[in-house]
Amino acid sequence: MKCMKSLKALHHQLASSTAQIAVLENGTDHTLPLFSDKLRAEELYPLRPSEITIFQVNVGKMCNQVCKHCHVDAGPDRKEIMTRETMQLCLDVLAANPSLQTVDLTGGAPELNPDFRWFVENIRQLGRHVIVRCNLTIILSNKRFFDLPQFFREHRIEVVSSLPYFTQDRTDRQRGDGVFDASIRALQLLNEAGYGMPDTGLQLNLVYNPAGAFLPPAQETLEKEYKTELLKRFGISFNQLYAITNMPISRYLDYLVVSGNYEQYMDKLVRAFNPAAAHSVMCRNTISVGWDGQLYDCDFNQMLDLEVACENSRHLSTWNMAALQHREIVVNQHCYGCTAGAGSSCGGTVTK
Amino acid sequence: MANHYYDAADLQKFTAIGEYQQELADKFFGWYGEVFKDSALTAKEKSLIALAVSHAVQCPYCIDAYSADAFEKGWSETQMMEAVHVAAAIKGGAALVHGVQMMNKTKAISM
């Protein structure tokens, strides 16, 4: 795999969330309609939560990959990592709030956190459904991860993994040289452990991210094509495909600006604004927890340092479910990414 | 008046043709939308056909639109270029096959 550095390590201007927001709010040579005005026209502004049921936790920004579209700017050089003390605060919040039924673990590569397995075991003891956003290649990256499929199976973890396409060129172009072959091998190992196989109940879901400045095609059609092609070419089975729109944040934002696609992409998102998707955006039922315990409306707001607008509950240590449930969700121009076309969330499209 | 014939930004103004004849424009866009839906052929297959035809009719707007659409729908660069070659082969063949007419006429007027 070709070694690349994060924007942060490169001291890149767009490593700063302030600089990213400036591009999003001011554009490069023209302005876009405000996302908040679009919501207002749908009588959705200010955006409020529905019932909060998903507790998404970023356990660290360290990753063995440096994908070109990564909104986290994750990579091997990122040192931010959730401590066991902060994980304990997560467990305390979960124990006290039974409505938080799903815990969605993300990163970086979540498995690189030294307390990852301890955290998973304790969440499962609380009876919560656990999703791990596994980048697949981590399983083969070091012998200490070779048994991850068995660990996932033992704890009935749902595995969600990015595979930008069922061909090598598009996948490696987005996620790095060699990622496709390693991902295919890892998927075969997960299948061997029972993941994605009929009647095991072991969920293996894949994520499609467009490898460029365009929106995803229809999820249902793409899922059929992925299933046919992955089975035919590699004997791989999986449960669902989530088609996710790339958000104009961090490395993907850098790509858009450098390649001259920023205006066109943002115009595309604005033109594709779908009120039905706006009603079902993931921030309405999710709280996103940063590696340091700070609270956000979603993973994207987290990366832009847009904390929850809930003065007395901005950190796990001051968690107040009632206050969070009645907060105003913070929106900005990047939110067009979640409301374009069929909509986009960590679970794929949000409209049928 | 503009001093050029093609402007990429005009593609986004396509629907504005309704300004001069709304009823026919609505019928065209309604029919167009139906044509490109999944049916006996998939929307993905239709996109590649559209890309090839775009080259045959040499419409720069259509080439832009269907290059993006075909790539977005998952066709590779190689497959897209092969589709262009198919269009080119048909165009080339179409010109050449008229050579038979030329031969017929030449022979008809020859001693």
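## Two chains, two builds

Chain B carries 9 positive and 13 negative side chains, with 11 Å between the centres of the two sets. Here Lys and Arg count as positive and Asp and Glu as negative, while His and the chain ends are not counted; each charge is placed at NZ of Lys, CZ of Arg, CG of Asp or CD of Glu. In chain A, 34 positive and 38 negative side chains have centres 4 Å apart.

A word on what you are looking at: this is a predicted model, in which local features need pLDDT of at least 70, side-chain atom pairs count only at pLDDT 80 or more, and totals for chains, interfaces and linings use all residues. Residues are numbered from 1 along each chain as its sequence is written, chains are lettered from A and ligands numbered from 1 in the order in which they are written, and side-chain values use heavy atoms, leaving out hydrogens and water.

Let's take the overall form next. For chain A, a compact globule of 352 residues would have a radius of gyration near 20 Å, and the chain's 19 Å agrees with that. For chain B, the value is also given as 19 Å, but a compact globule of 111 residues would come out near 13 Å. The radius is taken over C-alpha atoms, and the globule rule is 2.2 Å times the number of residues to the power 0.38.

| Chain | C-alpha extent along principal axes | Accessible surface |
|---|---|---|
| A | about 50 × 45 × 40 Å | about 14,000 Å² |
| B | roughly 60 × 40 × 30 Å | about 8,200 Å² |

The areas come from the Shrake-Rupley method with a 1.4 Å probe; for residues, only the protein chains shown count as cover. Carbon and sulfur atoms supply 51% of the surface of chain A and 66% of that of chain B. Buried residues (under 20% relative accessible area, 1.4 Å probe, protein chains only) make up 59% of chain A and 23% of chain B.

As for secondary structure, chain A has 15 helices and 8 strands, and chain B has 4 helices and 0 strands. Both kinds of element are DSSP runs numbered from the N terminus: helices are H or I with at least four residues, strands E with at least two.

Helix H4 of chain B, residues 77-108, has 32 residues and reaches 47 Å from its first C-alpha to its last, close to the expected 46 Å, which is 1.5 Å times one less than the number of residues. Its buried residues are B:Met80, B:Ala83, B:Val84, B:Ala87 and B:Gly99. Their cover includes helix H2 (43-56) and helix H3 (60-72) of chain B.

Technical notes:
Buried < 20%, exposed > 50% of the residue type's maximum accessible area, 1.4 Å probe, protein only. Contact = heavy atoms within 4.5 Å.
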